[in-house]
Amino acid sequence: MRNLKLLKSLRSCELQCLGSPQCFSVRGDTGSLLLASQYSITEYDPRTGQVVSEASLTADSFLPEDGSGVVVGLQDLAEVESACLATAGGDVILFNLNTCQLECVGSVDSGLTSMSWSPDEELVILTTGQETVIMMTKDFEPITEMGIHQDDFGEGKFITVGWGKKETQFHGSEGKQAAQRKEVQPAAVWDDRRPRVTWRGDGQLFAVSAVCPQTGARKVRVWNREGVLQATSEPINGLEQALCWKPSGSLIASTQRHPNKHSVVFMEKNGLLHGDFTLPFSKDQVKVKKLLWNSDSSVLAVWLQDMTAGEDGNVSSYIQLWTVGNYHWYLKQSLDFGRDPQKAPACVCWDPERPLQLHVVTCDWTTIAYDWGWTTERSPGLDATDNANVAVIDGDKILVTTFRQCVVPPPMCSFELQLKSPVNQVTFLCQPQRTNQLAAFTADGLISIFSQVRARSLCLLFRCEVEVAGEVISMVHCTQTGTLASNISSFSVCNDFLVITTHSHTCMFWASLQIMSMLVQFSLASDGGQNDETLRRVERGSRIVTVVPQDTRVILQMPRGNLETVHHRALVLAQLRRWLDSLKFRESFECMRKLRINLNLIYDHSPKVFLENIETFITQLDSINHINLFLTELKEEDTTSTMYPRPENSPVRPQTASGKKKVDVVCDALKSTMESMDPNKFCLSILTAHVKKTVPELEIKSYLLFLVNVNDLYEHSLGTYDFDLVLMVAEKSQKDPKEYLPFLNMLKSLEPNYQRFTIDKHLKRYRKALFHLSKCGQEHFPEALQLVKQQKLYNEALRLFTADSAQYKALSCAYAEHLVEQQQAEQAGLLLWRCGEITSALQAFATSNSWRNAICVAQQIPLPPDQLALLARDLAGNQKLTEQRRYSEAALLLDQYAKDCEEAILALITGAVWEEALRLIYMHNRQDITETNLKPALLEGNNCSALYVQLLVTAFFSELTYYIHFGYEDGPDCADAELYSEASSVMTGSKYSHSNSRISSRSSKNRRKAERKKLSLKEGSPLEDKALMYALGEIITTEVHSLLKTLVLFQFDKHAEKLQQAYDEALHKMEAAIPEVWPDGLQNNQAPVNKYSHFNPCLKLNKTKQSKIR
């Protein structure tokens, strides 16, 4: 939420040269300017107004004397103290800055169109009149030459993964029209057709924008440092000549003209577009002459010029500075150079050493250096009337956020102020009670003032406008100035505090501006003590946006743009001290509860003032719970000496003169005041005051015994482990001392942890008992293990011991035994495997048919090959996997681990897994099994399937006849239907429910199984209609797809044809019977068709049809 503020502007008009500026460069070491025209090259120092060195370019015929020559590139070479320039005629010239001598180091016959040096000044790129790219070393040794226009995409060519053509893809907001290939429009008429070259900040890649000879449109290509083409941009309609690679290396900036807007677009190094923002001009109003990133990639300068001349025949020129935050582009500065052609910029560039310094050379040789700085424009109020406003410039709008009322992340805001032209500066008034007023200076030379409508209004209204003559350098209203130390990333002054964030990622508060200068350097180098309230760690790169006056909130902005609100301890304590001094106990209490400040500070801050105003304290809190909370947190510690030390030079607070303890003094004062105010209302708080005293008063114990059962109170007091309290309760009760004294004496003789274990076990608080017993040492572990087994506290026990301890292993084994007893052998195996009991884990996995885990454990042991094979056979056979009809898994075990391919093939044949059986037959070259086992099994399967189909048809029509009779004669419309509550709930569409909570907690699979068990085809049963529907659906779910394919493979065509024909006839008969089962009237009125769609034969038929071979 920062703005660019113009700090100073240096204008120099002393330079007078022939011609007009054509190229421009800044010397980083001296700060002087290198300027080249069609006649000469000049080094000029704008600070002194002196020409340092100069040489004529026409004397040695480098440029023609008639002034028609053109300089296409100029670069300062600091290492050799020279300047390199290139001419359109093809010469590359070195200008020695010490001797002012010119030397031609090379020439290109076809001429040059541009020159660009790499950021490390090791390579130079020249583009020629023949549309080629020449790469040379810094010593002007040629490395390679390649054509600008190449048909190949480059090494980064995209890989097609089979998603179809681009025309068939989803095009988002562009709609279906984007699916049609469009012709790319040629470059704009005003485009000079010259190539543009730009380097990435690390010098590893460079991009060239050139006009394609085939389409006439610009295309961007990216090469690496070795001159190898990397990527070519996609065809971009309306792409213009401006090109600049972001120094940080992420994006290439260019401009694009759309049918309805003008945009700055960004490309990745692969040539694909990646984001854009729209320039605030109408269509065909301006042209972009150049884009320039500053050295730290934080600001993008856009140099524009009007396309339509005014009445005087001249055009206006502009320079705009754009920044980005939270993926939103802000126009921060807009420089309007007017219509005077002599005042128009001729060359623009950023300073290489100062990221926010921009150099401009106008056509009349005037040099201007603009120095900007980052600033956060916040309202400077110190009282609660200030809304903690922060103003953000965004073109011709000011985005104002009132942080006192809400925290709105940018680019959103509380409200916007719309102006007529772009805003360059904004500031708030520094007069008390009027700090919400705002003034804005716009690019057209006007100052607009906005004021608040009423005291608590969140918006500002336009009040007046003032025209300013001349150039405004800065607009501020400041009452104090000073010098800060280094290592500071942001700062703000609020009330008596100086708030700073440092580059070491801390936020610091200083309460006295007078001693700040002496201590700030020391504080920035130290980390602060444990209770140092002035120091707080913050996220890396955090900056202060504002501090809400008379509040505890500090608004920080993170590097990615989002906002965070923190309550700095120094600011919180300062605000609490002010509230307590003003006797605002309720505000203090609420703030301390919210921010977890110890409530003892209410008394410790000023004990005498608190005791004198204790009735005010009770009245303001007006809550029994709040008073009780304050009483329960009381302790003898003075928090102003330990937790929250008083600031230096703060006044000494008077202390109480009595020798009583602090807790007793506060409890007595509160108790007596509440008793005098309303003893009935504050009854619970009065009791709490009695109990909280350092020596609890006996009369309150008698009162508690009167209110609650003595045995319950005895048990609760015993649970506090306070034997004095237990004795007091027991003495006030009717208990016989012979009942409790021996027990209490025995407890006192025990070690503290074992003592608490015994108490918790006596009170049946087994989890707490286990916790205390675990601290009693190794000798008590058997007792702990016995307790775990008795109370089944396995999970709690495992958390109390480290995973590498012997106790943990013993507990794991005991837990595993318990899981095996609960029929959870697989979980037991995992537990045993984890704790290293591999042999027992193998047995558990084998018992639970978890064959994959069993094989893993067996290979970890490791088992010899013969035992591993025996284990695999045991897991696959012996009524385990085969009994569960998991033939494929059994075959995998037999083949891969038992190394018995024949048994594996026979298991697959038994399970009718024909295709997998064939794969193993040919993999192991056992074609003999085809004749001996596979083909006979196929024929047997064919006969069984044919017989099964006949039985299905007979059963289907038998059930169909009975269902029609049941559905129409004894259906839901009969007089006795309401006797069956479950059936009626089904017919009305409500979900069938059962009162048994155990059933309702089952998984969905088990729940469906349980519901099917309730289905009975017995005539007259409550769910007979539902049972019939389920039976009809189950009849037609047979699967013959795989069998038919295998029969055809082995030329059993007649068998396959006969089976398919029988299956097809059965399907047709069942389809024809559907209207009889569900007539049109019943389809719309009866819920089973919709509610129990998985019983609907229509769905089954559709699925079965897909399994047939056509």
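This note covers the cysteines and salt bridges of the structure above.

1. The model is predicted, so local features need pLDDT of at least 70 and side-chain atom pairs count only at pLDDT 80 or more, whereas totals for chains, interfaces and linings use all residues. Residues are numbered from 1 along each chain as its sequence is written, and side-chain values use heavy atoms, with hydrogens and water left out.

2. With a disulfide taken as a pair of cysteine sulfur atoms within 2.5 Å, the count comes to zero. Cysteine 17 is buried at 17% relative accessibility, and cysteine 244 is buried at 13% (buried means under 20% relative accessible area, exposed over 50%, partly exposed in between, with a 1.4 Å probe and protein chains only).

3. There are 34 salt bridges, each a side-chain nitrogen of Lys or Arg within 4 Å of a carboxyl oxygen of Asp or Glu. Arg27, Asp29, Glu43 and Asp76 are joined in a network of such bridges.

4. Lysine 662 and aspartate 604 form a salt bridge at 2.9 Å, N to O. Lysine 662 belongs to helix H8 (residues 662–677) and aspartate 604 to helix H4 (residues 601–604), so the pair ties together parts 58 residues apart in sequence; helices (H or I, at least four residues) are DSSP runs, numbered from the N terminus. Both lysine 662 and aspartate 604 are buried.

5. Within helix H3 (residues 585–595), arginine 593 and glutamate 590 lie three residues apart, about one turn of the helix, and their closest N and O atoms are 3.9 Å apart in a salt bridge. Arginine 593 is partly exposed at 43%, as is glutamate 590 at 30%.

Definitions and conventions: Helix = DSSP H or I, 4+ residues; strand = E, 2+ residues; numbered from the N terminus.
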